[in-house]
Amino acid sequence: MIQVEELTKDYGLRRAIDGISFHADKREILGFLGPNGAGKTTTMRVLTGYMPPTAGKASVAGFDVVEQSLEVRRRVGYMPETVPLYPDMTVYEYLKFMADLRHLQNAEDNIDDVLELVHMEDRADGYIVNLSKGLRQRVGLAQALLHQPEVLILDEPTIGLDPAQIHEVRNLIQELGRERTVLLSTHILSEAQQVCDRVLIINRGRIVAEDSPENLQSRIAGSQRIKLKVLGESEGLENILRQVPGVQKVIVNHPGGYEFETTPGMDARPEVARAVVSAGYELAELYPLSLSLEDIFLQLTRDEPNAPEMADVDDFSSDQLDL
Amino acid sequence: MRNIWTLASREFKQYFISPAAYLVAAMLLVVLGIIFYTNVLGAIFNQFPPNTQVVLGPLVTLLLFTTPAITMRLLAEEQRQGTMELLLTAPVRDYELVVGKWLGGFLFMLSILAMTWLYPIFLNQIVDPGIDQGLMMSGYLGIALFTAALVAIGVAVSSLFSNQIAVFFTTLGVYLALWLVSLPTQAMGAAGGGLLRYLNLFDHFYTTFYQGAIDLSAVIYYLSVTALALFLGTMSIEIRRWR
């Protein structure tokens, strides 16, 4: 549904995205993960027909984003990071305006449907200016869903929401991903882990990793990290731990608290427990710490040479003359 | 066409919930009323019957200052608010956006102009045997064409900035430049002077419609200025995408 080849976009002399290629299939939720200024918003803006790329090709739903921009825009639902709303319109008026621009035949039915989907039926006649951040986000989502698009592109859909709302929006995205292609960007790793079928990690305009959240995790986490805690006396335990086969890199966090890694493919826990108890220590805790996507992300982006200071490219209007 | 109408009607309705638009319209009508009153008094004092020119003359000058206040928000506000991203990713062509904005602003200006009709109607009552209807009709047709060009220039300038104050003063500057362009006529010789006079946005009105004559070349001039300004506005939106 989304096909991107060697896409590059320059802002003046600065390269925002640098020859990235990826694809997203039907009924797939693809997560775009990266720090601020990595090029997520720029890529989305190219895919939605907002701006043409400097080089490379991209197609959405089978249409080229440059040559057949209007066809692409008809089939994509887009929610930008700063939700574009008219504060002096009511929710209904706003959605009706967008429905008219999209020439929807049964605009009223479509509006009722999307309002129900985002649980805002009772706020249809309220002015947008009076809505909270979370509700505005939902209106933006309603706008993106209005024409039942094949492809949904969401830029930071959960930013600025409270935990309950975040949970709700994530569930909604997962629900939507059953019937359509969803491309969402986020800098929250747990979000990508929960919601997405596949994750692209992007840094400084390049894709540094691409896989399912599970595979990414196991790729790096070949060895297991285990946490151990004893009560009372712990003198000499470090040496005992080191002697257990399969234990590597013992770290003492504080007296009685240890962390160590195991040789890949070996579960050293039973051996460690036996060794600790037979040496007379009081074993209190022994559990594996799995490497989170957070660690993977840091590991992948740390390997890059030092990144120069990134300007905020998200604000398109900041380049323009402001008197 | 449908998108143009959708955009224009939203814009038109928006003016009626905007206090700034009411303020501008009220100011134009009040100032025009005061000038109308003194002009009619002057005509009575000098013993000649006033005609529609006592309304049309000051109206042209007032439009110079009020039109930028009406057009300044058209595209600049979309930029500032971030809703430009919404419109540029909706299935709307760039020219439809610009023409829709122009039409919305133009229709609002026409509603203000319709209200100034009060003065010629009043004049018709107090002058015996009534005012020259032909002059009134040609004058208002000219004013409408003149306004179409002013609004189009306003839209084009509005596409350049996200700050409405900047749009207001730049638009006003463009109007003044198109007014004062024929000042150095004498120094330019016959051909150059003729060209400068042709460029003058105001002369085309004063020498034709204002005198009661509907001149085809003046009609074409105003329609061309409108089309050119809308074209430049569309170009400016397109360039914005490529940056």
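I take contact to mean heavy atoms within 4.5 Å. The model is predicted, and I kept to its limits: local features need pLDDT of at least 70, side-chain atom pairs count only at pLDDT 80 or more, and totals for chains, interfaces and linings use all residues. Residues are numbered from 1 along each chain as its sequence is written, chains are lettered from A and ligands numbered from 1 in the order in which they are written, and side-chain values use heavy atoms, with hydrogens and water left out.

**Entry 1. Interface of chains A and B**

I looked up the contacts between the chains first. On the side of chain B, 30 residues are in contact with 34 residues of chain A. I then took the buried area, that is, the accessible area (1.4 Å probe) that two parts lose on being put together, summed over both. For chain B and chain A it is about 3,200 Å², and carbon and sulfur atoms give 57% of that. Within chain B, the residues that lose the most area to chain A are B:Glu85, B:Leu86 and B:Pro91, together 22% of what that side buries.

Next I searched the interface for salt bridges (a side-chain nitrogen of Lys or Arg within 4 Å of a carboxyl oxygen of Asp or Glu). The rule finds one across the interface of chain B and chain A. Its partners are A:Arg45 and B:Glu85, with the closest N and O atoms 2.9 Å apart.

I also counted polar contacts. These are pairs of N or O atoms within 3.5 Å; within protein, one must be able to donate a hydrogen and the other to accept it, and residues adjacent in sequence count only if both atoms are side-chain atoms. Across the interface I have 10 residue pairs in polar contact, both residues at pLDDT 80 or more.

For the elements I used DSSP runs, numbered from the N terminus: helices (H or I, at least four residues) and strands (E, at least two). On the side of chain B that touches chain A, helix H1 (2-16), helix H4 (73-81), helix H5 (84-88) and helix H12 (216-242) of chain B each give two or more residues. H1(B) has the largest share, six residues. By type, that side of chain B divides into 12 nonpolar, 10 polar and eight charged residues. Here Ala, Val, Leu, Ile, Met, Phe, Trp, Tyr, Cys and Pro count as nonpolar, Asp, Glu, Lys and Arg as charged, and the others, Gly among them, as polar.

**Entry 2. B:Gln14**

I picked B:Gln14, which lies in helix H1 of chain B. Buried means under 20% relative accessible area, exposed over 50%, partly exposed in between (1.4 Å probe, protein chains only). B:Gln14 counts as buried because its relative accessibility is 6%. Its side chain makes a polar contact with the side chain of A:Asp88 at 2.7 Å. Not counting residues up to four places away in sequence, B:Gln14 touches A:Asp88, A:Met89 and B:Arg73. I noted B:Arg73 again in a network of salt bridges with B:Arg10, B:Glu11, B:Glu78 and B:Lys101.

**Entry 3. Chain A**

Chain A has 11 helices and 14 strands. Of its 323 residues, 50% count as buried. Of the contacts in chain A with a separation of 6 or more, 67% are between residues 24 or more positions apart.

I looked at A:Met120, in the loop between helix H4 (107-117) and helix H5 (133-145) of chain A. With a relative accessibility of 0%, A:Met120 counts as buried. Leaving aside neighbours within four places in sequence, A:Met120 is in contact with A:Val91, A:Leu115, A:Leu131, A:Leu135, A:Arg138 and A:Val139.

**Entry 4. Salt bridges**

The count over all chains comes to 25 salt bridges.

A:Arg198 and A:Glu28 meet at 2.6 Å, N to O. They are 170 residues apart, A:Arg198 in strand E9 (residues 198-203) and A:Glu28 in the loop between strand E2 (14-24) and strand E3 (29-33). A:Arg198 is buried at 13% relative accessible area, and A:Glu28 is buried at 10%.

A:Arg138, listed above beside A:Met120, forms a salt bridge with A:Glu168, the closest N and O atoms being 3.7 Å apart. This pair links helix H5 with helix H6 (residues 163-176) of chain A, 30 residues apart. A:Arg138 is buried at 16%, whereas A:Glu168 is partly exposed at 36%.

A:Arg75 pairs with A:Glu71 at 2.8 Å between the closest N and O atoms. The two are separated by about one helical turn because they are four residues apart in helix H2 (residues 69-75) of chain A.
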